[in-house]
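Here are my notes on the model you sent over. Have it open while you go through the points.

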Amino acid sequence: DRRPRVLSGIQPTAGSFHLGNYLGALRQWVNLQDSHDAFYMVVDLHAITIPQDPAELRASTRLAAAQLLAAGVDPDRCTLFLQSHVPEHAQLAWVMNCVTGFGEASRMTQFKDKSAKQGTEGTTVGLFTYPILQIADILLYHANQVPVGEDQRQHIEITRDVAERFNARFGRTFTIPEPYILKEAAKIYDLQDPTVKMSKSASSPKGIVSLLDEPKAAAKKIKSAVTDTGTEIRYDPEHKPGISNLLTIYSTLTDESVPVLEQRYADKGYGALKTDLAEAVTEWVEPFRARTQQYLDDPETLDAVLAKGADKARAVAAETLAEAYDRVGF
Ligand code: ADP
Ligand code: NA
């Protein structure tokens, strides 16, 4: 297989993924499956860096996997697995902990944001070393490319630094990954406040379309999206963030370009755009919900898919870990 290898992970979240996750990330996962040798995982090890309920974690991890499959991640065209099924992640992470500088790890900005939310006593060492587990995630598979948004760039930088340091000290072992900035990846904003990105931590559920929303509820959220008082349908994120966000969602979901949409709706007004987009979202959400439910209703099939994915992943991970262990003197 001479295709570049790509690795990407997503945290299981309580409840469903939202439209931002799909249009900004999962859709690209689906699109990369043929051009790349893709490894996709649900990063449940990362999920315990903050307090979790075991039953909820188990359920949300399965729900995440079911949604990935429903979104079009195809286990016959990629390697889909749960991180905790591949013990090599934790094993290589320990080695990487011992190659990473404390100061270097301290400079990771996401820790500062996340630990501020947990408070000093609530902050685990796992939250601090999370980027080092991520280093192991990437290096285990000799990933050439890691799809990232701008805010994740620092994580690729530290992965490259640590991998290069390991290679220099112990001999060439790891592939140095490149960030793969998703050019076509849309950034989706909150429907009620189009100046902030759509996020599961939104202040109101009205601003986010969850992928498992009742189709009617999803349509209602689109129709109630905040827009400016004008009438002109024009892509202008600075002056018309609400309309621009709807155009982005529409364009990404249906593969029609923004200029084509601008032209089609030029004389039709906001109402027509919202009605048609609501319909497009409903048409997407409906089968997505049904497919997700099929996997949840058939746990044996889901287990089998994930077990097969774990086997494929382990075949690669075990080899990399064995070499790394050998290099460090185990
Ligand atoms: P959230 O922001 O809701 O907490 P995550 O941080 O778990 O979501 O993100 C999971 C994936 O979805 C990441 O790849 C992230 O870049 C992408 N993503 C999240 N929100 C958006 C958004 N509003 N627009 C585009 N992509 C997004
Ligand atoms: Na986030």
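1. Asparagine 167 sits in helix α8, residues 153-170 (helices are DSSP runs of H or I with at least four residues, strands are runs of E with at least two, and both are numbered from the N terminus). With a relative accessible area of 11%, asparagine 167 counts as buried, the cut-offs being under 20% for buried, over 50% for exposed and partly exposed in between, with a 1.4 Å probe and protein chains only. Skipping neighbours within four places in sequence, asparagine 167 touches Arg172, Thr173, Phe174 and Ile176; contact means heavy atoms within 4.5 Å.

2. A word on conventions: this is a predicted model, where local features need pLDDT of at least 70 and side-chain atom pairs pLDDT 80 or more, while totals for chains, interfaces and linings use all residues. Residues are numbered from 1 along each chain as its sequence is written, chains are lettered from A and ligands numbered from 1 in the order written, and side-chain values use heavy atoms, leaving out hydrogens and water.

3. Threonine 61 belongs to helix α3, residues 54-71. Is threonine 61 buried or exposed? It counts as buried because its relative accessibility is 5%. Apart from neighbours within four places in sequence, threonine 61 has contacts with Pro12, Val42, Asp44 and Leu82.

4. On to strand β4, residues 145-148, which is covered on both faces. Gln145 and Pro147 are buried on one side, and Val146 and Val148 are buried on the other. β4 pairs with strand β5 (residues 178-181) in the parallel sense, over four bridges; pairing requires that DSSP finds at least two bridges between the strands. Across from valine 146 you'll find proline 179 of β5.

5. Now ligand 1. Its shell has 13 residues, with His18, Asn21, Ile188, Met198 and Lys200 the closest (a residue is near if one of its heavy atoms lies within 4 Å). Which helix gives the most to this shell? That's α1, residues 19-35, with four residues. By class, the shell splits into five nonpolar, five polar and three charged residues.

6. A nitrogen atom of the ligand is 3.1 Å from a backbone N or O atom of glycine 20. Oxygen atoms of the ligand lie 3.0 Å from a side-chain N or O atom of asparagine 21 and 3.1 Å from one of lysine 197. On its own, ligand 1 has 530 Å² of accessible area, and the protein covers 73% of that (Shrake-Rupley method, 1.4 Å probe).

Conventions: Polar contact = N/O pair within 3.5 Å; in protein donor to acceptor, adjacent residues only side chain to side chain. Nonpolar A, V, L, I, M, F, W, Y, C, P; charged D, E, K, R; others polar.
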